[in-house]
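Student: I am new to this structure and would like to learn how to read it. Could we look at it together?

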Amino acid sequence: MEQTTWLVTGGAGYIGAHVARALEESGRRAVVLDDLASGHREFVRPQTPFVQASLLDPGALAAALHEHQVSGVIHLAALKYAGVSVQQPLEFYEVNVTGTIRLLQAMREVGVHQLVFSSSAAIFGTPDVQVVTEETATTPESPYGESKLIGEWLIRDYARISDLRHTSLRYFNVVGSGYDDVFDTSPHNLFPLVLKAISQGQAPVVFGTDYPTPDGSCVRDYIHVADVASAHVAAAARLESGQPISAAYNLGVGTGTSVLQILEAMRRVLGRDFAHEVADRRPGDPARIVTTNAKAHAELDWKAEYDLDAMVASAWKAWSSHSN
C-alpha cells in the first residue's frame, strides 16, 4: 500500500504526540501542526515534519496540507478544560469552533477528504444513564463541551455537501503515558495534579466529595493514552480503506473509577502512603460519566489494552523521568 500522510493538528500536545508517533509506527507519515500555546516542541520527534501555526491562520493550514501532500487530517488542536471554558467562553469558541471552520475550509481548498476529529465526553454533560453510548443525548454543560459538539455538527454538515469522509472520537478521561518523554502537563487534569503533589511531598486535592456517587467523589471512565492513539490509527485505516465508518465512537474502557479510587490505586502501585485534601467542586464537572467501547471494538477492530495499574505506573514513570 502507498504510504499515506496525515496532518495531526495539536500534535505537540500530550495526546497529539502519542497519535503522531502511533501513526508513524503504523507505517504512515505524520506531519504535526501546533501553535505551541500548550504543546511542547520536544514532544515531536526530530524526524517528524513540524509546522508552527495557528488554526486561525487559513493560509498556513492550506500551505501545510499542500506542501506535505496530506491525505487526511487528525484534528486535536483545541482549548480544553470545562471549568476554564466557563470563564473564557469566547476564547474557547474562537479556537474550537472558528478553528475547525478554518481547517475545513483549508481542506476544501486543497482537496483533502479524510478527517478524524477529536471530540469529548464533555458533549454528554451529566447523562441520565449509567452507561453512555454513541446514541445517548448530548447535553453539554460547559462552553468546552458545547464547542466540541458544534465541531461534530460542522463536520457532519460539511460532509453532506462534499466528499469528506470522517469520524469523531469522543474521549473519556485520558491518562498514562506510552513514552517516557511524553506526559500530561495539564494544570487541571487529575493525574498530573496528583503526581505533582506526591512528588513534592504535598497532599493532592480532591475537588468535591459530595457528589451522588458511592464515595462522594466524581466517577470517570479512565483510558490509557496509548489506547486512544491506537484508536486514531484504526479510524485512519478505516477511512483509507473506503469501508463504511460511523459518525462517532466513544473511547473508554467501560468501567467507572472514582477520584478516591484513583488515589488508592496510586498508593498501591507507587507504594507510597499520602494524605489528601478536599476542596469545593469545580464548575462543569459532572458526577459520573462512563461509556461502553463496544461500537469502536466492533467497527474499528480496536480495543483498550491497558488496565488502571498500567495507567498509573506509566504516568508515574514518565512524570518521574521528566522531574528528575
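Student: What covers the buried residues of α2?

Tutor: Two notes to begin. This is a predicted model, where local features need pLDDT of at least 70, side-chain atom pairs count only at pLDDT 80 or more, and totals for chains, interfaces and linings use all residues. Residues are numbered from 1 along each chain as its sequence is written, and side-chain values use heavy atoms, with hydrogens and water left out.

Tutor: Now to the helix. Buried means under 20% relative accessible area, exposed over 50%, partly exposed in between (1.4 Å probe, protein chains only). In helix α2 (residues 58-67), the buried residues are Ala60, Leu61, Ala62, Ala64 and Leu65. Their cover includes β1 (5-9), β2 (29-34), β3 (50-52), β4 (72-75) and α4 (89-110). Helices (H or I, at least four residues) and strands (E, at least two) are DSSP runs, numbered from the N terminus.

Student: Which residue takes a positive phi just after α2?

Tutor: That is Gln69, with a phi of about 50°.

Student: Is Ser119 buried or exposed?

Tutor: Ser119, in strand β5 (residues 114-120), is buried, with a relative accessible area of 2%.

Student: Which side chain does the side chain of Ser119 join in a polar contact?

Tutor: A polar contact is a pair of N or O atoms within 3.5 Å; within protein, one must be able to donate a hydrogen and the other to accept it, and residues adjacent in sequence count only if both atoms are side-chain atoms. Here the partner of Ser119 is Glu152, at 2.6 Å.

How values were computed. Contact = heavy atoms within 4.5 Å.
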